[in-house]
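This briefing goes through the contact between the chains, then the make-up of one chain, and then a few side-chain pairs. Please keep the sequence and the 3D view at hand while reading.

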Amino acid sequence: MEVLGLSLLLVVLFVGFGLLIGILFGFFGMGGSFLVTPALLVMGYPSTVAVGSGLAFVFGTSVIGALRHRDHGQVDYKLAVIMTVAMTIGIEAGKRVVFFLDSTGMADLIISVAYVGLLAAVGVFTLHDARQSDEAQSDGRTLADRVQSLEIPPMVTLRGDVRVSASIIFAIGLVIGVLSGFLGVGGGFLLMPAMMYGLGVPAAIAVGTDILQITISGAFGAFRYAQLGAVSLPVVAALLAGSALGARIGAGATKLVDEDAIKGYFAAMLLAGSVAVASKELGSAYGLEVLNTVSIVLIFGAAILVSGAVVLAAVCRLRGNKSGTWCRLTTS
Amino acid sequence: MVGFELFGGSMDAITTVGLVLGEAVALYVGYGVLASAVGATVLDTIGADTIGSDTTGGE
């Protein structure tokens, strides 16, 4: 039996995977396409389709997130406009690199290697952030202070009385845009640290601005890939059906669970994603099917583990249970 | 000929992005209605305290 040109098993798989990703997106405000694109690569989709479909999925998921933030006043439109212009240019550059590499037959390898490095780097950073002390947190503010002290015109004042160089914002947006177009990621897991730790934007404003910006750049990225027929609508539709529900569950969990309690799991998921892509590449290079299986297990296992930890922690909090064996795992 | 092909590709791309946008909005509204309808029942089933009155994300 087929639905939307996919087997029923695949549809169930994509909806379930979308649900897990939606929980992560709703809870952390990031964590969408950097799992989807590697998963599609691992499942054998061509790199251009994996990246294009990843961007289209990010667009759809961020629309849902943006709708939720719309009335909460958690958006700095000045910051969003500068970031959007810079990222749009960056995405175009990243996309051209992907199609150039595709013409040389090296796209799959290079995108996979870049994923391994980026996921590992952000995973290590997040793990470090999860373990850092108050003293280390003051270092983060110092970084933002240093960036804000750079008087490179034009200077702009953002919400939260943050005064920073528009040129620096543009440069950050450009780099993240190139990565977004190249890897098919929305940029949330790069934008959030950049805005909070780099520019010193308050967390709530960073989340709202981030999601609005990802909506716009995701639409542009999806459009450019769709022009080349590199978006699989059935895959995106199935993933969105799950993520829309998951995003509600994840957003609800933020009212109950301390993000820092889960951050270690999130870092582990990023690192698992990095190992999964590396495993898949090695499996393909040496013809070892077992490594491909390991890769799939790691990607789906990590998403299940972290989203499960979020839901479990929320349920434990709802029931006022902090002493049970499972609850202690998520609240300690 | 090239221009026509580009136009066709752009129209297909606009349709693709429009379909994704339409599905996202429909899902947002649909799940919102669902959360309003069964959210309280789900929380009762979990055995929630009063602190969790809006954890299904209903608007």
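In this predicted model, 29 residues of chain B are in contact with 30 residues of chain A, where contact means heavy atoms within 4.5 Å. Because the model is predicted, local features need pLDDT of at least 70 and side-chain atom pairs count only at pLDDT 80 or more, while totals for chains, interfaces and linings use all residues. Residues are numbered from 1 along each chain as its sequence is written, chains are lettered from A and ligands numbered from 1 in the order in which they are written, and side-chain values use heavy atoms, with hydrogens and water left out.

**Between chain B and chain A**

- About 2,500 Å² is buried between chain B and chain A, and carbon and sulfur atoms give 70% of that area. Buried area is the accessible area (1.4 Å probe) that two parts lose on being put together, summed over both.
- V20(B), Y28(B) and Y31(B) supply 24% of the area that chain B buries against chain A, more than any other three residues.
- The side of chain B that touches chain A has 15 nonpolar, 10 polar and 4 charged residues. In this scheme Ala, Val, Leu, Ile, Met, Phe, Trp, Tyr, Cys and Pro count as nonpolar, Asp, Glu, Lys and Arg as charged, and the others, Gly among them, as polar.
- Between chain B and chain A there are 0 salt bridges. A salt bridge is a side-chain nitrogen of Lys or Arg within 4 Å of a carboxyl oxygen of Asp or Glu.
- The count of residue pairs in polar contact between chain B and chain A is 3, with both residues at pLDDT 80 or more. A polar contact is a pair of N or O atoms within 3.5 Å; within protein, one must be able to donate a hydrogen and the other to accept it, and residues adjacent in sequence count only if both atoms are side-chain atoms.

**Chain A as a whole**

- Chain A has 13 helices and 4 strands. These are DSSP runs numbered from the N terminus, with helices (H or I) of at least four residues and strands (E) of at least two.
- Of the 332 residues in chain A, 54% are buried. Buried means under 20% relative accessible area, exposed over 50%, and partly exposed in between (1.4 Å probe, protein chains only).
- Among contacts in chain A with a separation of 6 or more, 77% are between residues 24 or more positions apart.

**Salt bridges**

- Over all chains, the structure holds 4 salt bridges.
- E92(A), K95(A), R96(A) and R224(A) are linked in a network of salt bridges.
- In one of these bridges, R96(A) pairs with E92(A), with the closest N and O atoms 3.2 Å apart. Both residues lie in helix α4 of chain A, 4 residues apart, about one turn of the helix.
- R96(A) is exposed, at 55% relative accessible area, whereas E92(A) is buried, at 14%.
- R224(A) also forms a salt bridge with E92(A), the closest N and O atoms being 2.9 Å apart. R224(A) lies in helix α9 and E92(A) in helix α4, so this pair ties together parts of chain A that are 132 residues apart in sequence.
- R163(A) and E151(A) meet in a salt bridge at 3.4 Å, N to O. R163(A) is in strand β4 (residues 162-165) and E151(A) in the loop between α6 (134-148) and β3 (155-158), so the pair ties together parts of chain A that are 12 residues apart in sequence.
- R163(A) is partly exposed, with a relative accessible area of 41%, and E151(A) is exposed, at 53%.

**The aromatic pair**

- Over all chains the count comes to 1 aromatic pair. Rings of Phe, Tyr and Trp (its six-membered ring) pair if their centres lie within 6.5 Å; planes under 30 degrees apart count as stacked, over 60 as edge-to-face and the rest as tilted.
- F99(A) and Y225(A) form this tilted pair, at 5.6 Å centre to centre and with 40 degrees between the planes. F99(A) belongs to helix α4 (residues 77-104) and Y225(A) to helix α9 (residues 203-227), so the pair ties together parts of chain A that are 126 residues apart in sequence.
- Y225(A) is buried, at 0% relative accessibility, while F99(A) is partly exposed, at 26%.

**Around S62(A)**

- S62(A) lies in helix α3 (residues 47-69) of chain A and is buried, with a relative accessible area of 0%.
- A polar atom of the S62(A) side chain lies 3.0 Å from the backbone oxygen of F59(A). The side chain of S62(A) also makes a polar contact with the side chain of T215(A), at 3.2 Å.
- Not counting residues up to four places away in sequence, S62(A) touches F25(A), I211(A), I214(A) and T215(A).
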